[in-house]
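Work through these exercises with the model open beside you. Try each task before you read its solution.

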Amino acid sequence: MKSSASMLFRLLVVLQCVTVFCLARDDDFDFFYLVQQWPASYCDTKRSCCYPTTGKPAEDFSIHGLWPNRNDGSWPSNCDDDASFDESEVSDLINRMQKDWPSLACPSSDGVRFWTHEWEKHGTCSLLNERQYFQTALDLKAKSNLLQVLKDAGITPGKFYTVERIKDAIKEGVGYTPFVECNVDQSRNSQLYQVYLCVDSSASDFIECPVFPHGRCGSRIEFPSFSSSTSENESRDVL
């Protein structure tokens, strides 16, 4: 009887230790993905888009998120339920966030809901405080300067290119190999949608990606123009 009780006690201790260990490792990660999206490819789909309440964004890549990731392809998420988004913490960054991190989801918004989602799902696992998280993502976007990098390589919106040419141009300009994600427009053309660059775990600089997301593009993809596109809301206004 004592032996059984002793074994049960030991099992409970082990389970408790495992539980504590797992909880302590919920926010462990090895690197970040800095994910930037091309607005025309977000809007030029069947779901369309809605411009922010601040107006149509510029024709430039915008931030989707800065996402902690692990070398095995998994990722932590929602690491601190008590760390809700506080707009006052980034009040002096709002203008930059509206420009470089806008929401194109419908209905039109000021971006706060989008930033809240990114902070609570990904930022709380980043080991950065809220201000550091958004400041870091904005600075990394500026450092990569993707649109200029592509233009310097002769790649401009409104034309078709091979995926390899786009990847090679970004590697040449940024110094590291990107992952290119595609989606399809309403005519079923494969198009440049998002660019993933990897960042070290301290969020200080770009690195070669330990692992890439899954996904494939067509052999030739469109880099659609955003300067001439309209959102679903704008199309209705014209009618």
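**Exercise 1: Confidence**

This is a predicted model. The mean pLDDT of the chain is 89, and 84% of its residues reach 70 or more.

Solution. Step 2: take residues 231-239. Here too the pLDDT is below 50, but this stretch has twelve contacts beyond near neighbours in sequence.

**Exercise 2: Two helices**

Task: Find helix H4 (residues 112-121) and helix H5 (residues 130-144). At what angle do they pack, and how far apart are their axes?

Solution. Step 1: read the geometry. H4 and H5 pack at an angle of about 110°, and their axes are 11 Å apart. Step 2: classify the angle. Angles of 65 to 115 degrees count as roughly perpendicular, so H4 is roughly perpendicular to H5. Step 3: list the residues that meet. H4 brings Trp 115, Glu 118 and Trp 119; H5 brings Glu 130, Tyr 133 and Phe 134. Step 4: sort them by class. The contact of H4 with H5 has four nonpolar residues, two charged ones and no polar ones.

**Exercise 3: Annotated residues**

Task: Which residues does UniProt place under "active site", and why can they be said to gather at one spot?

Solution. Step 1: go to the record. The unreviewed UniProt entry gives the feature "active site" at His 64, Glu 118 and His 122. Step 2: compare sequence with space. These residues span 59 residues in sequence, yet no two of their C-alpha atoms are more than 11.2 Å apart, so they gather at one spot. Step 3: check the pocket. The lining of the largest pocket includes His 64, Glu 118 and His 122.

**Exercise 4: Backbone exceptions**

Task: Which residues does a cis peptide bond join, and what is the phi of Ser 48?

Solution. Step 1: recall the rule. Most peptide bonds are trans, and most residues other than glycine have a negative phi. Step 2: find the cis bond. Cys 106 and Pro 107 are joined by it, with omega about 0°. Pro 107 lies in the loop between helix H3 (94-100) and H4. Step 3: turn to Ser 48. Its phi is near 60°, a positive value in a residue other than glycine. Ser 48 sits in the loop between helix H2 (39-43) and strand S2 (62-69).

Notes. Residues are numbered from 1 along each chain as its sequence is written. This is a predicted model: local features need pLDDT of at least 70, side-chain atom pairs count only at pLDDT 80 or more; totals for chains, interfaces and linings use all residues. Side-chain values use heavy atoms; hydrogens and water are left out. pLDDT is the predictor's confidence in each residue, from 0 to 100. Contact means heavy atoms within 4.5 Å. Axes are lines fitted to C-alpha atoms, for helices over the stretch in contact, and angles run from 0 to 180 degrees between N-to-C directions. Helices (H or I, at least four residues) and strands (E, at least two) are DSSP runs, numbered from the N terminus. Angles under 35 degrees count as roughly parallel, over 145 as roughly antiparallel, 65 to 115 as roughly perpendicular and the rest as oblique. Ala, Val, Leu, Ile, Met, Phe, Trp, Tyr, Cys and Pro count as nonpolar, Asp, Glu, Lys and Arg as charged, and the others, Gly among them, as polar. UniProt positions are given in the numbering used here, feature names are shortened, and annotations may be inferred rather than shown by experiment. On a 1 Å grid over the protein atoms alone, a cavity is a set of points where a 1.4 Å probe fits but cannot get out, and a pocket is an open set with protein on both sides within 12 Å along at least five of seven lines; lining residues have an atom within 4 Å of a point.
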